[in-house]
Amino acid sequence: MVTQPSEVFVGLQARLGRPGTVLLDRLRGVQRERGGITADVLTRLADEFGLPVAAVAGAASFYADFTQGCRGRRHVRVCEGTSCFASTGGEHVRDLERVLGVRRDTCASDGSVSLQAVRCLGYCYDSPAVLDGDRPATGRDLGGLLDGSVGAADGSAASLRTPPPIPYESRVDPPVVLAGLLGVEGEWEVWPAVVTGGSPERVNREIAASGLRGRGGAGFPTAKKWAMAASEPGPRYVIANGDEGDPGSYCDRLLMEQDPHRVLEGLALAAFATGAHHGLVLVRSEYPAAVHRMRAAVAEARAGGHLGRRIHGSGFDFDVEVVEGAGSYVAGEETALMHAVSGLRGDARPRPPYPTSKGFLGRPTVLNNVETLAAVPWVVRHGGAAYARLGHPDEPGTKLVCLSQLFRRPGVYEVEYGVPLRHLVQELGGGLRDGRSLRAVQVGGPLGGFLTPEQLDLPLLTRPLAQAGVPLGHASLIAFDAAVPAAAVLRHEWAFGAAESCGACTPCRVGTRRGLELAERIGEPGQAAVLAQQEPLLEVLDMASLCAFGRGVAGAVRSVTRAYADELPGPAA
């Protein structure tokens, strides 16, 4: 059996007793202090951590936060995600380049300002968006919003418009995931009784009865994942996946910023059920407020006796570490995420072995999405049967659905599974704003799919949507009107794939770049032939990619050509 390089690195970390997250933090600190990461820094850090230079260089060259090569005294991140793109067709990025005087992913010659393009900032309800340092701004005229503070060496940004808070509403009675935000339930109401007088078997029994599945996109049964890890020898770990990289989705940001204790309580219950004593929460660096709020919530939970040793006088120990990501979409995939929190490149790896047997530091690990964990306290308190009565027989429970900026009423809505998409678009979202007409809607993020207005009677359920060629994914809905042409949408999908591929496998690394090259030729003479060349490329991505990312890109591109068939006629048209 061949040992993978990542296994060697993880083994080194385990022996050294140095958490890999320290390495990412050190790289981030150097980037901020020195404006870049040089070869001498890589050598010094490798010596400090007792690691090969190649291992440190691999992490530094992988994550978007480190790869720009320069960082100005004022660092601006501009969103190129799908909702922002649908709002302006990309004009907001060009406006910023003009106002700042630098192109995306470059710095001014005097080091005063740098501009970095990122794929989502979590402000899809008020697109487009930027982060000026850690201060957000949203709205159509970002160039105008920044004008007057551009180039200031002290980083002042008096002209930034603070975005409105995330709108949210539950259409479930009683609310489940939004119960804390709506004041229906308080913080840490379930945990003390469970940890002092409950049993792991009872928690597992309620989760199994609920039918709760992962809400991050894969939909794997939560109870089954927990049971698989619990059957393995310890030590075990639990991880909350707050790497919400899907453009169009911002419900995890809502939960981490405004109800972080519910997420932590869900993580603690997962730890109790699986016999884990250490937890991690990975939060995207594009969510600086969420990083701060989650860390503050961990400190508050420790002070309240909910975390630490012999919690509430019981014999159970559990504590949590919050890890700040470094800019990678693929690092949200569970095996890539475990590499990331170990200080490695966020590459996906083949499975088996599965993380439940060999995950973080090579130990059994349960990884759950933030929204999944936020439902756990409700399930344990009210019982799995009560949760199972919600939703649809094929898919019980509730889902947070995010509606993008072009809807008249954008925001986060908690709904039961099985509601028609048309209800989400027309009743909850109110249709499109400013008298616009819906051209297409993207469901489930960049690896989801596009539907036409005629297909909106499909229910919010995994199987019917999959039969229409659209994965449910994170269930975000991004509206497109006719202002953005089909060719631009197709280029946007391929560009996302090319930018975010981790590069671990040739079909995805090369295929996404080849697809982008083909998409750049759409609109030229011979367009039908160009579209015909896409299909064998999509077959390779679909059949040979190492993880779901390449397959997702293939499915998303196919859905674009179906939804925009009148503008993108294939060779048989």
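Which strands does helix H7 lie across? I noted first that the model is predicted. Then I looked up H7, residues 91–100, and found that it lies across strand S1 (74–79), strand S3 (113–118) and S4. Its direction runs at about 160 degrees to S1.

**Entry: the sheet.** I turned to the strands next. I read an open sheet of 5 strands, in the order S2-S3-S1-S4-S5. The pairing is mixed. I looked for the edges and found strand S2 (106–107) and strand S5 (135–138), each of which pairs on one side only. I then followed S5 to its partner. Strand S4, residues 129–132, pairs with S5 in the antiparallel sense, over 4 bridges. I also marked Asp-132, which stands opposite Arg-135 in S5.

**Entry: helix H3.** I asked which residues of H3, residues 39–49, are buried. I listed Val-41, Leu-42, Leu-45, Ala-46 and Phe-49. I reminded myself of the general rule: an α-helix has 3.6 residues a turn, so residues three or four places apart point the same way. On the other side of H3, I found Ala-39 and Asp-47 exposed. I checked what comes after H3, too. Gly-50 follows, and its phi is positive, near 65 degrees.

**Entry: two helix pairs.** For packed helices I wrote down two things, the angle between the axes and the distance between the axes.

I took H10 (residues 200–210) and H11 (residues 222–230) to start. They pack at an angle of about 145 degrees, and their axes are 8 Å apart. From H10, the contact uses Val-203, Asn-204, Ile-207 and Ala-208. From H11, I noted Thr-222, Ala-223 and Trp-226. I sorted the residues of this contact by class: 5 are nonpolar, 2 are polar and none is charged.

I then moved to H13 (residues 260–274) and H14 (residues 288–303). Their axes come within 9 Å and cross at roughly 65 degrees. I recorded the crossing of H13 and H14 as right-handed. H13 brings Pro-260, His-261, Val-263 and Leu-264 to the contact. On H14, I found Arg-293, Met-294, Ala-297, Val-298, Glu-300 and Ala-301. By class, the contact of H13 with H14 has 7 nonpolar residues, 1 polar and 2 charged.

Notes: Residues numbered from 1 in each chain as written. Predicted model: local features only at pLDDT ≥ 70, side-chain atom pairs only at ≥ 80, totals over all residues. Heavy atoms only, no water. Axes fitted to C-alpha atoms, helices over the stretch in contact; angles between N-to-C directions. Helix = DSSP H or I, 4+ residues; strand = E, 2+ residues; numbered from the N terminus. Contact = heavy atoms within 4.5 Å. Nonpolar A, V, L, I, M, F, W, Y, C, P; charged D, E, K, R; others polar. Pairing = 2+ DSSP bridges. Buried < 20%, exposed > 50% of the residue type's maximum accessible area, 1.4 Å probe, protein only. Left-handed = near helix turned anticlockwise from the far one by under 90°.
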